[in-house]
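Work through the exercises below with the coordinates open. Each task is followed by a solution in steps.

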Amino acid sequence: MTLNLWGIVVSFVFVFFILFASRYMSRFGIEASRKFVHIVLANWWIIAMIFFDSALFAAVVPFVFIILNFLSYRYGIFKTLERGGGKEDLGTVYYAISLFVLALVSFQRPELNYIGAVGVFAMAYGDGFAAVVGQSTNFVPFRIFHSKKSLGGSLSMFVATFVSVFILLVVVGVPHALLGAVLVALLASLIELLSPRGLDNLTVPLLTTAFYYLVFVL
């Protein structure tokens, strides 16, 4: 079995393990379960970087979950992932779409496969912790475009994005890790602030990855 095929096997084991673990997290509430999956699932990109050297193979797993997440949205297959009504539930579908698009783009050049992780980590760690902190503390709440936001959530978005992206860039060994992480965190925080809820799972990863590529790679 080739390394790419092993990557698909390991990926599905990893994802379904997370979904199984989310059932335990549901004891603390559906929102805790959702955010657990939202944050931890980003680490799939590390598996992808280890196993895949083909964009098509890398895109297989997120493509499958676009379908599964949409079916779950419609029929409640993964109950620990759904809020239970409302267009914002499509955020799980948008998450998979972002992974799919970034996998197709990033793995065209395997040596640049980390650029997709920039956007994925901003979406998962940044937006994930922003929601957790924002909802738990409600520090300086405000509304923008009919969405509930808070200063605590935005600050958490910046910090979590900066830390996760900085560690990624340091491990990869790029010379601009600090500057790259700061700029990506600033942009991700602004995009999240202006994006309607749910759509940030598209806007944050795609736009931050595009920004990083145009500024630091191209």
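**Exercise 1.** State how much space lies in the second largest pocket of this predicted model, and name the elements that give two or more residues to its lining.

*Solution.* 
Step 1. The volume comes to about 190 Å³.
Step 2. The lining consists of Val101, Leu102, Val105, Ser106, Gln108, Arg109, Leu112, Ile115, Leu206, Thr209, Ala210 and Tyr213.
Step 3. Two or more of these residues come from each of α5 (91-106) and α9 (200-217).

**Exercise 2.** Divide the lining of the second largest pocket into nonpolar, polar and charged residues.

*Solution.* 
Step 1. Eight of the lining residues are nonpolar.
Step 2. Three are polar and one is charged.

**Exercise 3.** Serine 106 belongs to the lining of the second largest pocket. Decide whether serine 106 is buried or exposed, then find what its side chain reaches.

*Solution.* 
Step 1. Serine 106 is placed in helix α5.
Step 2. Its relative accessibility is 2%. The cut-off for buried is under 20%, so serine 106 counts as buried.
Step 3. The serine 106 side chain reaches the backbone nitrogen of glycine 116 at 3.2 Å.
Step 4. Leaving out residues up to four places away in sequence, serine 106 touches Trp45, Leu112, Asn113, Ile115 and Gly116. Among these, Leu112 and Ile115 also line the second largest pocket.

**Exercise 4.** The structure holds twelve aromatic pairs. Classify the pair formed by phenylalanine 16 and phenylalanine 65, and locate both residues.

*Solution.* 
Step 1. The ring centres of phenylalanine 16 and phenylalanine 65 are 5.7 Å apart, and the angle between the planes is 50°.
Step 2. Planes under 30 degrees apart would count as stacked and over 60 as edge-to-face; this pair is tilted.
Step 3. Phenylalanine 16 lies in helix α1 (residues 3-25) and phenylalanine 65 in helix α4 (residues 55-75).
Step 4. Phenylalanine 16 is partly exposed, because its relative accessibility is 39%. Phenylalanine 65 has a relative accessible area of 8% and is therefore buried.
Step 5. Together with Phe12, Phe16 and Phe65 form one aromatic cluster.

**Exercise 5.** Why is the pair of tryptophan 44 and tryptophan 45 given the class it has?

*Solution.* 
Step 1. The centres of the two tryptophan rings are 5.7 Å apart.
Step 2. The planes of tryptophan 44 and tryptophan 45 stand at 90°, so the pair is edge-to-face.
Step 3. Tryptophan 44 and tryptophan 45 are both buried.

Note on methods: Residues numbered from 1 in each chain as written. Predicted model: local features only at pLDDT ≥ 70, side-chain atom pairs only at ≥ 80, totals over all residues. Heavy atoms only, no water. 1 Å grid on protein atoms, 1.4 Å probe; cavity = no way out; pocket = protein on both sides within 12 Å on 5 of 7 lines; lining within 4 Å. Points joined across faces, edges and corners; volume = space filled by probe spheres on them. Helix = DSSP H or I, 4+ residues; strand = E, 2+ residues; numbered from the N terminus. Nonpolar A, V, L, I, M, F, W, Y, C, P; charged D, E, K, R; others polar. Phe/Tyr/Trp six-rings, centres within 6.5 Å; stacked < 30°, edge-to-face > 60°. Buried < 20%, exposed > 50% of the residue type's maximum accessible area, 1.4 Å probe, protein only. Polar contact = N/O pair within 3.5 Å; in protein donor to acceptor, adjacent residues only side chain to side chain. Contact = heavy atoms within 4.5 Å.
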